[in-house]
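These are my notebook entries on one protein structure. I recorded each item as I looked it up.

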Amino acid sequence: MAFDRASGVLMHITSLPSPHGIGSLGQAAFDFVDFLRNAGQRYWQVLPLGHTGFGDSPYQCYSAAAGNPLLIDLDQLVKDGLLTADEVRAADQNWNPDRIDYVEVIASHYPLLRRAYERAQEKPAFMASMQAFRTHAAEWIEDYALFMALKEERFEHAPLWEWTDPALIHRDPNALDAAREELKDEIDFRVFLQTVFFAQWGALRAYAAKAGVRIIGDVPIYVSPDSSDVWQYPSLFKVDADCKPQKVAGVPPDYYSATGQLWGNPVYDWKVHEKTDYAWWIWRIQQNADLFDVIRMDHFRGFESYWEVDSGSETAIDGVWRKGPGMKLFRTLEAAIPTLSMIAEDLGILTDKVKTLLRSSGLPGMRVMIFGFNRFEDNDHLPHNYPVNCIAYTSTHDSQSIYEQIMDLCEPEDAEFAKAYIRWDTREPLAWSAIRTLFASPAAIAMTTMQDVLNLGADSRMNIPSTIGSNWAWRVRREGLNRDVAAFLRSVTDTTRRLHPLPTIFEEQPLDEIEIMPVTPDMDYGARRYWTDVQEQYDLLEKANAFLARFEA
């Protein structure tokens with residue numbers, strides 16, 4: 001799977017500046033697309049968009065398909081006539097511009113979202129749009145909405161396996177019908193939230209497509225144990241009769257933790273998936289392929305073999321390796337979704353078998369610059385060793401920033417090696433020299449984080465694996481997304497031959513009137529690149545428009 005030479009920035013939606021305590025799908029997201037376009041960046045990578053549960057982690061969501069209602073833009077609801085500006089303003093408080101307080105954000109947002117739902121019922125056009133979405137999302141929306149209504153209204157937020165009505169845990173048809181009747185309004189409220197979320201995401205996605213910005217979306221390998229997915233399809237997971245996990249996922253001791261990482265997600269019963277020809281996986285990946293231009297498949301090594309731990313274990317130390325689906329799954333996905341564009345997060349313990357799987361799949365793997373800063377090693381994470389078919393990062397959402405790694409955490413000798421390797425010009429921010437070095441590497445796609453672009457340290461950490469309580473809360477300040485920063489990124493992107501100027505044809509003509517010239521071998525380099533970019537841009541816009549059409553009654 002080949003990608004053109006390009007670059008981008010990793011930052012989650014929640015980290016955007018916003019007057020309402022958390023980044024959203026509002027104006028700041030559109031402004032960030034403009035920032036990326038001005039900075040010459042072709043990719044914006046976001047974390048999973050799901051409805052977060054335990055610990056506010058986007059990797060622990062109530063559904064593999066549902067969006068996070070906290071990302072809904074309240075100001076757009078004002079424009080839609082579902083809220084008033086005074087109502088939104090009254091619910092706001094003196095939010096911390098640097099950190100998200102999830103408890104307070106939830107407390108302020110949900111009453112507004114309920115009020116918007118009540119008013120939407122008086123708007124026939126909006127209800128028709130909601131029904132159109134409901135029809136399109138029929139495979140998952142009804143079970144998810146009922147799951148959330150039961151969890152929050154009937155069982156006081158208890159996890160699935162602690163519900164006090166076994167008939168509902170076991171999905172007795174009569175019990176489900178009675179619950180749907182009793183909780184109809186609560187179910188409709190949650191369908192409303194998903195309709196609004198995906199309509200707003202579709203508008204942002206279309207705007208990004210027109211700006212030439214491709215969105216990379218992260219897909220966690222596992223689902224939450226407390227999710228509508230486990231409730232709807234318990235046979236696909238290693239859970240007991242009450243949907244309680246028996247075997248859970250994690251990784252053994254590694255770079256991040258001496259006791260490993262115990263994630264707690266139920267592992268898959270891959271034999272059952274194989275018998276269904278991986279139907280659930282095809283559905284799941286198609287859902288994400290509809291949302292994003294490129295999918296980043298989290299924990300790729302788990303598809304070769306995965307670390308399985310007994311439920312109830314305190315750490316991930318005492319686990320065992322189990323065989324994953326391997327190429328059977330990827331061949332199935334490729335056949336079912338021929339246009340699938342995917343990259344593999346192949347970090348962690350990489351055996352020869354994992355490397356063979358990556359080569360066989362043809363997917364680009366990952367490289368992370370900060371993992372290379374060991375003066376005794378010439379390893380795969382140093383930029384001069386990058387293959388073309390990879391996506392390279394200065395750092396990630398799970399790691400230290402470049403500045404923190406070099407200035408605060410490295411051994412002194414390793415820090416000096418790192419500074420020498422990136423040829424740090426002390427007249428500019430340290431992280432900028434690192435970005436220059438990474439962007440000059442052979443990697444097809446070079447990515448940096450917003451924290452690294454702004455040369456930030458430990459206070460900007462997005463996530464510390466194997467910890468809970470203070471993660472996923474970092475926010476960027478509006479003034480950080482300035483012209484000087486954009487100019488730096490554009491300059492280094494141009495210098496390292498990663499810049500793709502946006503074809504002006506899309507600003508000059510309507511999409512249905514554009515005629516694209518086929519790329520032929522006799523074209524010169526400039527013409528081939530131009531018309532290739534035009535075709536890719538056209539495909540982006542068509543896909544984004546098709547997604548928006550789902551909300552047309």
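Entry 1. Alanine 211

Does alanine 211 count as buried or exposed, and why? The model I consulted is predicted, and in it alanine 211 has 8% relative accessibility. I recorded alanine 211 as buried because this value falls under the 20% limit.

I then looked up where this residue sits. Alanine 211 belongs to the loop between helix H9 (184-210) and S3. Leaving aside residues up to four places away in sequence, I found that alanine 211 touches Val33, Arg37, Leu502 and Gln537. I also looked up a distance to serine 305: the two C-alpha atoms are 40 Å apart, and the residues are 94 apart along the chain.

Entry 2. The eight-stranded sheet

I turned next to the sheet that contains S3. Eight strands make up this open sheet, and their order is S9-S6-S3-S2-S1-S12-S11-S10. The pairing is parallel. Strand S9 (342-344) and strand S10 (365-368) are the edge strands, each pairing on one side only. From one strand to the next, the twist averages 25°.

I noted a general point for reference: strands of a sheet pair through backbone hydrogen bonds, in either a parallel or an antiparallel manner.

Which partners does S3 have in this sheet? The strand order places S3 between S6 and S2. On the S2 side, strand S2 (residues 43-46) and strand S3 (residues 214-219) pair in the parallel sense over four bridges. Tryptophan 44 stands opposite isoleucine 215, and valine 46 has glycine 217 as its bridge partner in S3. On the S6 side, S3 and S6 run parallel and are joined by four bridges. Here glycine 217 stands opposite isoleucine 295 in S6.

Entry 3. Burial of S3

How many of the six residues of S3 are buried? I found that six of the six are buried, so the strand is largely enclosed by the rest of the structure. I also recalled that in a regular strand the side chains alternate between the two faces of the sheet.

Helix H17 (residues 430-439) lies across S1, strand S11 (390-393) and strand S12 (445-449). H17 runs at about 165° to S12.

Entry 4. The four-stranded sheet

I then examined another open sheet, in which four strands follow the order S5-S4-S7-S8. The pairing in this sheet is antiparallel. Its edge strands are strand S5 (261-266) and strand S8 (319-323), and each pairs on one side only. The twist averages 45° from one strand to the next. Strand S7 (residues 305-310) pairs with S8 in the antiparallel sense over five bridges. Valine 309 stands opposite glycine 319 in S8.

Entry 5. The second largest pocket

I looked up the second largest pocket, which holds about 660 Å³ of space. It is lined by 22 residues, and the closest to its centre are Asp293, Thr339, Ser341, Asp539 and Leu540. Helix H12 (279-291), strand S6 (294-297) and helix H21 (525-548) each supply at least two residues of this lining. H21 gives the most, with four residues. By class, the lining of this pocket has eleven nonpolar, three polar and eight charged residues.

Entry 6. Cavities

How many cavities of 30 Å³ or more does the structure hold? I counted four. The largest cavity has a volume of about 150 Å³. It is lined by 19 residues, of which Thr396, His397, Thr449, Gln451 and Met462 are the closest to its centre. The lining of the largest cavity divides into five nonpolar, twelve polar and two charged residues.

The second largest cavity has a volume of about 70 Å³. Among the residues that line it are His12, Pro48, Asp56, Tyr102 and Trp472. I recorded six nonpolar, five polar and one charged residues in the lining of the second largest cavity.

Technical notes:
Residues numbered from 1 in each chain as written. Predicted model: local features only at pLDDT ≥ 70, side-chain atom pairs only at ≥ 80, totals over all residues. Heavy atoms only, no water. Pairing = 2+ DSSP bridges. Axes fitted to C-alpha atoms, helices over the stretch in contact; angles between N-to-C directions. Contact = heavy atoms within 4.5 Å. 1 Å grid on protein atoms, 1.4 Å probe; cavity = no way out; pocket = protein on both sides within 12 Å on 5 of 7 lines; lining within 4 Å. Points joined across faces, edges and corners; volume = space filled by probe spheres on them. Nonpolar A, V, L, I, M, F, W, Y, C, P; charged D, E, K, R; others polar. Buried < 20%, exposed > 50% of the residue type's maximum accessible area, 1.4 Å probe, protein only.
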